[in-house]
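Dear colleague,

Please find the structure below, followed by a short account of what was found in it.

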Amino acid sequence: MSRTLSRRGFTRALLAGGAATVGLPYFESLARAQEKAPTRLLFFYVPNGIQAADFRPKTLGADYAITPILKPLEALRGDFSVISGLDNTPARPDGAGDHASGTSSFITCAHANKSETDIRLGVSADQIAAGKIGKNTRLPSLELGIDGGSSAGGCDSGYGCAYTRNISWSGPSTPMPKMTNPQLVFDRLFEGFDKNASAAELAKRKAYKKSVLDA
């Protein structure tokens with residue numbers, strides 16, 4: 001649906017036979033669609049790495065030869081840039097522990113203190129942005145992941161699990177745990193999120209839930 005579609009045009013489309021495929025209410029979302037969308041920032045971490053030779057272009061400039069990994073995005077090449085030549089020096093571990101040190105410094109650019117209990121790192125870029133532009137959205141930041149696990153204990157050659165299981169940090173000793181359960185993510189986005197809610201309260205909320213189409 002075009003973001004500039006007017007209410008009149010949308011109503012006309014419904015009268016022409018499209019009403020059966022769209023759930024109501026819709027007018028509020030149409031009104032919001034014509035407002036300027038807030039700025040959003042996404043950091044996406046690939047823990048298993050990327051084959052650099054098949055990802056990084058060999059030539060410079062906007063007309064670079066597309067690489068095998070970037071081939072599916074060829075039509076969008078004007079919308080993104082591939083940056084190379086960077087070195088996140090703080091990511092180098094103290095001895096063994098590349099996974100923990102590299103993961104934790106991804107967007108903190110801070111050197112992890114090698115300990116399983118004395119966790120010291122830095123504030124991540126996403127949380128700095130959340131403090132600046134996150135106020136323009138209902139949720140300043142949203143931390144999502146596939147694999148969970150506790151941040152307590154040791155996970156990599158003397159490094160605490162907090163380093164290996166979190167890339168988002170609101171403070172030097174405060175990782176932002178990621179949400180891995182799709183139902184909890186859905187609830188936080190559309191129904192509100194209350195970690196202290198009982199099973200009965202959650203069941204009642206689901207029984208009376210309203211359409212989330214407008215959101």
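The side chains of S141 and Q127 are joined by a polar contact of 3.2 Å (a pair of N or O atoms within 3.5 Å, one able to donate a hydrogen and the other to accept it; residues adjacent in sequence count only if both atoms are side-chain atoms). The model is predicted: local features need pLDDT of at least 70 and side-chain atom pairs pLDDT 80 or more, while totals for chains, interfaces and linings use all residues. Residues are numbered from 1 along each chain as its sequence is written, and side-chain values use heavy atoms, without hydrogens and water.

S141 lies in the loop between α5 (125-132) and β1 (154-156) (helices, H or I, of at least four residues and strands, E, of at least two are DSSP runs, numbered from the N terminus). With a relative accessible area of 15%, S141 is buried (buried is under 20%, exposed over 50%, partly exposed in between; 1.4 Å probe, protein chains only).

Salt bridges (a side-chain nitrogen of Lys or Arg within 4 Å of a carboxyl oxygen of Asp or Glu) number four in the whole structure. R92 pairs with D87, the closest N and O atoms being 2.8 Å apart; D87 is exposed at 51%, and R92 is partly exposed at 49%. R120 pairs with D118 at 2.9 Å between the closest N and O atoms. Through shared partners, salt bridges link K71, E74 and R77 into one network. Within it, the closest N and O atoms of R77 and E74 are 3.6 Å apart.

Yours sincerely
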